[in-house]
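Please read them next to the sequence and the model.

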Amino acid sequence: MKNSFVELNARERVNALVDNGRELIDPFDQMIAPNLVAQDIVPQSDDGIVVSRGKIADKEVVVIAMEGKFQGGGIGEVSGAKIIAALTHVLEENQNGHEIYPIIVLDTGGVRLQEANYGLLSISEIGNLIVALKKYVPVIGLVPGRVGSFGGMSITSALMSYLIATKKARIGLNGPEVIEQEAGVREFDSSDKDLIWNTIGARQRLNAQIVDELVTDSVEAIKAAVIAAINEKKDSHRSENADFYLSLLAKLDLSKPMAIDAYNQALATHKSAAVKEINVTEGTEDAATSVGYDWFAALTGLKHPTSTSATVYAAASNLFNEDAVVTAIVPNAQNPMYRVRNGEVGLIEGFEMAHVLETVYQEDKEKAVKRPVVVVIDVPSQAYGYNEELIGIHVALANSAAAYAKLRQAGHPVIGFIAGNAISGAFLAHGLQSSRLIALNSTNITVQAMSKESASRVTKRSIAAIEAAAVKVPSIAYDIKNYTKLGAIFTFLESITDQETSADHVNAVIDAINAAILDVRQANDTMLTNRYTNEIAVKGGRLETNKVFARMNEEWTD
């Protein structure tokens, strides 16, 4: 097609948008991904990310594009660091009164599974910067087509101010093959192309208010849409819309698959309504069975806590040196949302957690000292289901992630405590926006982007091959000890090798959380830079991230 934007590669897309652009960290800098080399995977000299600084219609911009033909546009350490470093500079420029508009071209499957946990960390840090940037300028997203926008980067797309797509684009948290692997072919048949496009294709995403504008596949049409979005400072506030969705979901029967037309009609006619606050009280018997539930009870001092929500728990605690709020997501075997019965994070969980956190924000808005928020992390995965994808589970998770980031950026220390599993989009929504992370040393804890079975299917590697590669590349391992090597864990409670809430264990965890809160207070740390600037990160855990930052610092003003 003449002047097709979709058919261009990442560098051509950037050059088509930017006037007199200057590429930052170009292929001649040879910033390749050593984790790919270690697995005998051929790297690319730009690691699949193109960053250019220039102008569009006399407005200063930074355009970032993902190359879908390289590793499916997946985000690893180097590629993620290029985006994070560029957005960090854009934020600093805007904070200093110099307007620069970030434009992100999404052509990505999400986390690069060959680097897994580096991808999750990077995506959480990208999301944090987008939330911060939206206070100054709109963050414009483009989803042209080819790969689309999936996985954790679909959450990123929902955080953006304004999202533009062509009819060739698809957007969803879980790819069709992954849903089929995790939930079965009856839940989602990945061979049914009509089902795929009717559920997550761009036309339906426009109807579902997940895409803001559908444009013709031409350079001219896309550039015009970008210019209009910049000039009009367009912002759909999609990641700050929890009450709208909660009041909508309360009216729907989600115990069975919804008809697409019925959902579109319900959405189009819905008006946001007030949502009842979640209240947690003491009960006569445990309301759930999970590690996260037990630790929520232990860190709040509540006996047999029971929530008015099926799965979302939040309560004040006076067990720390400062009055705090403790949050958790727990399983509910009777949950009418049938894909969310084992502690997964689904539509309701994402939106309800966002609502809870916004309440905390409003309550502390005028206070000089904001309450700490302690996040009990025990989330086995996000929900894999048809209804979840139709309605937009990635939007729900974005609302939760944005709410945690908003609290932290406002001065609330957000302390994540990994008591159980921390998996994929669930971890991005509930935990990875924490100022500091604390973890138990239990072999029952898994931290990863995807189950081994799904990772094997997507990467076309055997589970044995994945496990063998993890010996060389800690970021693709599934255990908590390897995760500590990345520099993301502030305190590793090495002596606590089980998940039991004994008095000694609880006291040790409370002490660790108090120390983390104090560290955040003393550093006046409202961002996530500690993740890649601490000693473990600098010496090895995020070595490539720091190299990328150093290079971006050199080239930014050249």
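1. In the lining of the second largest pocket, α13 has the largest share, with 4 residues. The elements giving two or more residues there are α10 (242–249) and α13 (347–364); helices are DSSP runs of H or I, at least four residues, numbered from the N terminus. The model is predicted, so local features need pLDDT of at least 70 and side-chain atom pairs pLDDT 80 or more, while totals for chains, interfaces and linings use all residues. Residues are numbered from 1 along each chain as its sequence is written, and side-chain values use heavy atoms, without hydrogens and water.

2. This second largest pocket holds about 550 Å³ of space. Its lining has 24 residues, with L246, L249, A250, I348 and E352 nearest the centre. A pocket here is an open set of points on a 1 Å grid over the protein atoms alone, where a 1.4 Å probe fits, with protein on both sides within 12 Å along at least five of seven lines; lining residues have an atom within 4 Å of a point.

3. The largest pocket has about 750 Å³ of space. Among its 31 lining residues, G109, F150, V178, M450 and V458 are the closest to the centre. At least two lining residues each come from α6 (176–183), α16 (424–429) and α17 (452–459).

4. Why does the largest pocket lie between domain 1 and domain 2? Domain 1 (1–166 + 214–238 + 537–557) and domain 2 (281–448 + 478–527) both contribute residues to its lining; the bounds come from an automatic or database domain assignment.

Key: Grid points are joined across faces, edges and corners, and a volume is the space filled by probe spheres set on the points.
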